[in-house]
Amino acid sequence: MSLFRTELRRLTKRRFTRYMTLLGLLVLVAIVVGVFFTNQKIGADQLARAERQADQQYQEQVRWSEQERAACEQAKAAGTATDGRYPDDCSVISPPPRDQIQAEWFLPSTFDFKKTFDETLIPFAAILALVGFVVGASFVGAEWSTGGMMNLLLWRPKRLTVLLTKLAALLTGMLAVTLPAAVVWFAGFWAVASFRGSTDKMTSGTWQSFVLTGVRGVVLVLVLTTIGFALASLGRHTAMALGGVVAVMVVGQFGLGILLAMASVRWAEAWLLPTYALAWMTKTVTLQDYQSCNATYYGSCEPATLDITWQQSSVLFSVGLVVILGAALWVMRRRDIS
């Protein structure tokens, strides 16, 4: 019997795998449904209503300005102290120009596929990456804690082959979930844009950009799944992976973020892992240092910037993956299995 098929069947038969995967997919469905019901398709009626609301807002500003100007003139005539409430010249109190109150401010939320869909791939990848991490940790952690790994090694004594086959079955299972989910995610938000928004101005370049972002999301899911698997194998228990991620994210990242902020460290976000995960998905994250000034030709002062790119994120994640998985394989080869 093929070890790979056996491990793949073991993965799919585990109740925890099924429930965790189902929970993740239900969360994704809830997001699509929520976006559908919180957006509207913009038509002539909505535009006309927004114009009326903009006119009402302008009229309110006109009335307020007239009242304030009259109160200012009365205070000046009576010599009453205003404590700086009014300017020296009451005539400067005037409403804003009509064209500054835009009708777009009063339009209901609408889903523009070209402008918004790219952002939805971030929670998609994050949710499935969390599912993959927990499922991967549980898959191998349960084998160690129940003694199943020792029994399996009696049948197949090649330790690294066994561990890597388990990992291959796990990644295959996650890929079998992630790819169809990504297709449904695209289709779901296309339907949202069709009925509750706009699908205009879509080009082949835009589609290519969306697909590449989706591919990066799938890679992120597989990487975190592998890391969860490797951490649980290192500690011989699921709690090793879960405890490790809690320690890194809560104690390490949250605590480090507070410490760097208190120390006023420049580019503090560049030391935090979520910044690199976001850069991986969005291609670039631009950090700004408001304590510095870059003078422009127009005499303005712009904050200094630092770009974190997806290439830098790929190097960081690759090194982390190699180190953690390499440690798991080395320990698997060297440790006493009994």
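Predicted model: local features only at pLDDT ≥ 70, side-chain atom pairs only at ≥ 80, totals over all residues.
**Entry 1, the disulfide.** I searched the whole structure for disulfides and found one, formed by C72 and C90, whose sulfur atoms lie 2.0 Å apart. I reminded myself that a disulfide is a covalent bond between the sulfur atoms of two cysteines. I then read the angle about the S-S bond, and at -75° the link of C72 and C90 is left-handed. Looking up where the two partners sit, I found that the pair links distant parts of the chain, with C72 in helix α3 (residues 44-78) and C90 in the loop between α3 and β1, 18 residues apart.

Are C72 and C90 buried or exposed? C72 has a relative accessibility of 1%, so I count C72 as buried, and C90, with a relative accessible area of 8%, is buried because that value is under the 20% limit.

I turned next to the nonpolar cores and wrote down that the largest has 62 residues, with F111, F113, F117, M149, L170, W185 and F189 making the most contacts inside it. Helix α4 (residues 113-146) gives the largest share of this core, 16 residues. There is also a second, separate core of five residues, and C72, A75, Y86 and C90 are among them, which brought me back to the cysteines of the disulfide.

Which residues touch L170, once neighbours within four places in sequence are left aside? I listed L11, V135, G136, F139, T225 and F229 as its contacts.

How values were computed: Residues numbered from 1 in each chain as written. Heavy atoms only, no water. Core = buried A, V, L, I, M, F, W, Y, C linked by side-chain atoms within 4.5 Å. Buried < 20%, exposed > 50% of the residue type's maximum accessible area, 1.4 Å probe, protein only. Helix = DSSP H or I, 4+ residues; strand = E, 2+ residues; numbered from the N terminus. Contact = heavy atoms within 4.5 Å. Disulfide = S-S within 2.5 Å.
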